Amino acid sequence: MNSQRRFQWLTGAMVLLSTTTLAVTPSRAEVTTSSPELETEVAQLGVGSLVDSLAAAGDMNTLLQLAELAGMADTLANDGPFTLFAPTDQAFQDLPQSVVNALTDPANRDLLQDVLGMHVVPEILEANDIGNEVLDTLNGPVNARVQGNRVNVGPARVIDTDIPANNGVIHKIDTVIVPGDLQSRLDERSTETTTETTTETRTETRTTPAPAPRSTPAPRSTPRTFPVTW
């Protein structure tokens, strides 16, 4: 094959290869237009909300139940982004039973919201983003401290990091973070409840009518006798 014919053959082969490549390679528009089947597959491979991640973890069910009781579960499921420092079930078991009973009382729902709010930062902080700093939670500042590989948030130690969610990230902790004045507020409410109960008891005692005294029948008088004169 002479040089001219070889050049023509190579040129034709390149054109054929280019045409074949274009035929099997989708355009940019075709790539960016997802089919329903592809969207379903991506959804199955993705992660859910913070609530979904808590449920999937298996050892943070108490936090999830308390979030529902406090009316915060919808916020953690739909809003964000958030960083959630999530106490384990064991962390809640380590709380005094009196505190747990008080926090689960519907009358103290605001206190429960305050406690849970101290575990939520309204931005995404991965483990590498946390340093010796003050974190602005939904219920005020909490100190973070880093020593080597150990990270503490308030009194809690971070024991697992960067659990993903589509509206934030979860860091698992071993202790429940509570406001410093929680016990005094609980004591105050307990005193108020005791005072109200005592007042109600006194009021009931005062308003209860005394039983009417029994009337004693008057003694019958002995009939008087008069001398009879004929």
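Contact here means heavy atoms within 4.5 Å, while helices (H or I, at least four residues) and strands (E, at least two) are DSSP runs, numbered from the N terminus. This is a predicted model, in which local features need pLDDT of at least 70, side-chain atom pairs count only at pLDDT 80 or more, and totals for chains, interfaces and linings use all residues. Residues are numbered from 1 along each chain as its sequence is written, and side-chain values use heavy atoms, with hydrogens and water left out.

**Helix α5**

- In α5 (residues 61–69), L63, L64, L66 and A67 are buried (under 20% relative accessible area, with exposed over 50% and partly exposed in between; 1.4 Å probe, protein chains only).
- Those buried residues line one face of the helix, because they fall within an arc of 165° when seen down its axis (the arc is that of the directions from the helix axis to the C-beta atoms).
- Q65 and E68 are exposed on the other side of α5.
- The cover over the buried residues of α5 includes α4 (50–57), α6 (73–78), β1 (82–87), α7 (89–93) and α9 (109–117).
- After α5 comes G71, with a positive phi near 75°.

- T175 sits in the loop between β7 (168–173) and α10 (182–207).
- With 27% relative accessibility, T175 counts as partly exposed.
- Beyond its neighbours within four places in sequence, T175 is in contact with P87, A91, P155 and A156.
- G154 is 21 residues from T175 in sequence, and their C-alpha atoms are 9.0 Å apart.
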